[in-house]
Amino acid sequence: MKVVKVEKYEEVCEHASEMVLTAWKQHPQLVLGLATGSTPIGFYRRLVERYLQERLDFSGITTFNLDEYYPIKRSHPQSFARFMKEHFFDHVNIPAEQIHILNGEALDTGEECSRFEAGIDAAGGVDIQILGIGRNGHIGFNEPGTPFGSRSHLVALTASTIQANSRFFADPSEMPRHALTMGIQTIMKSKKILLLAVGEGKAEAIRLALQGPVTEAMPASILKRHPDVTLILDRGAASLLGGGVQDAAARDSQ
Ligand code: F6R
């Protein structure tokens with residue numbers, strides 16, 4: 001895994017958006033895997049700024065989001081569908097039919113997940129997958145213990161994830177207890193992965209993912225087995241890696 005260590009959040013967002021735009025310039029039909037949460041907000045802001053300033057044309061881009069709460073209405077203020085509209089899709093010209101988000105209103109979740117997976121395959125796979133990381137090492141909503149071989153599926157959220165995210169709901173008891181998520185194998189099939197992590201709260205998860213054993217107890221640790229992963233970390237998220245960030249990354253990816 002390659003580790004890019006920068007000082008602060010804005011630089012994480014700048015670096016990630018630059019990497020995505022460089023890939024998009026080479027291949028305007030880019031297939032992007034996208035994340036929600038607090039971490040990528042500045043990344044979307046930066047992409048939108050560049051889109052407007054440089055009058056870019058994103059009409060060739062296809063997107064697949066990592067996850068969505070279940071059950072939840074698309075129109076719910078805390079749905080990931082709403083989040084993506086507010087932070088990205090309402091501001092750029094990606095055609096609606098090229099945007100794919102697992103449907104939190106689906107009656108048959110198994111069918112919904114199969115349809116989503118088939119969509120990724122039909123698009124030729126994800127070129128660049130953006131990831132955040134949970135304090136417990138989750139990627140997407142693949143909580144500790146999720147089999148590495150999993151495809152998109154329905155998950156029961158852990159108490160720590162419910163606690164971390166319920167603050168965003170006007171009434172915390174409204175927070176859904178389940179979610180639909182890309183599986184670990186789905187994420188690992190992406191050609192390139194960019195994981196963004198910010199703040200000391202993520203430092204232990206980053207340390208374990210990079211320097212600990214590859215284990216289903218730490219979902220992000222599987223990324224060491226992917227051939228093209230870049231971690232973009234601010235000072236806080238990198239704070240437990242020790243001085244030799246690059247050395248540690250190189251050693252652990254072997
Ligand atoms: C979001 C997602 C989650 C988040 C993770 C970190 O689509 O899949 O894995 O990336 O929970 O969330 P933040 O960025 O809010 O710390």
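Setting aside neighbours within four places in sequence, Phe88 is in contact with Leu34, Tyr44, Leu47, Val48, Phe58 and Ile94, where contact means heavy atoms within 4.5 Å. This is a predicted model, in which local features need pLDDT of at least 70 and side-chain atom pairs count only at pLDDT 80 or more, while totals for chains, interfaces and linings use all residues. Residues are numbered from 1 along each chain as its sequence is written, and side-chain values use heavy atoms, with hydrogens and water left out.

The largest nonpolar core has 73 residues, of which Phe58, Phe88 and Leu223 touch the most other members. A nonpolar core is here a set of buried Ala, Val, Leu, Ile, Met, Phe, Trp, Tyr and Cys residues joined through side-chain atoms within 4.5 Å; buried means under 20% relative accessible area, exposed over 50%, and partly exposed in between, with a 1.4 Å probe and protein chains only. Helix H1 (residues 9-26) supplies the largest share of this core, nine residues; helices (H or I, at least four residues) and strands (E, at least two) are DSSP runs, numbered from the N terminus. Another core, of 10 residues, lies apart from the largest one and has Ile72, Phe141, Val155 and Phe169 among its members.

## Backbone features in two loops

Most residues other than glycine have a negative phi, and most peptide bonds are trans. The peptide bond from Tyr70 to Pro71, however, is cis, with omega near -10 degrees, and Pro71 is placed in the loop between strand S4 (67-70) and helix H3 (80-87).

Arg55, although not a glycine, has a positive phi of about 45 degrees. Arg55 belongs to the loop between helix H2 (41-53) and strand S3 (62-65), and with a relative accessible area of 77% Arg55 is exposed.

## Salt bridges

Side chains of opposite charge can pair when their charged atoms come close. With a salt bridge taken as a side-chain nitrogen of Lys or Arg within 4 Å of a carboxyl oxygen of Asp or Glu, the count comes to 17 salt bridges. One of them joins the side chains of Lys85 and Asp90 (3.3 Å, N to O), and Lys85 is partly exposed at 40% relative accessibility.

In another, the side chains of Glu117 and Arg151 meet at 2.8 Å, N to O. Because Glu117 lies in helix H4 (residues 109-122) and Arg151 in the loop between strand S6 (128-131) and strand S7 (153-156), this pair ties together parts that are 34 residues apart in sequence. Glu117 is buried, at 6% relative accessibility, whereas Arg151 is partly exposed, at 35%. Asp121 forms a salt bridge with Lys189, with the closest N and O atoms 3.3 Å apart, and so links helix H4 to the loop between helix H6 (184-188) and strand S9 (192-197), the two residues being 68 residues apart. Asp121 is partly exposed, with a relative accessible area of 44%, and Lys189 is partly exposed, with 39%.

In helix H5 (residues 159-166), the buried residues are Thr161, Ile162, Asn165 and Ser166. Because they cover an arc of only 120 degrees around the axis, they lie on the same side of H5, the arc being that of the directions from the helix axis to the C-beta atoms. The cover over these buried residues includes S4, while the face turned away from the buried side carries the exposed residues Ala159 and Gln163.
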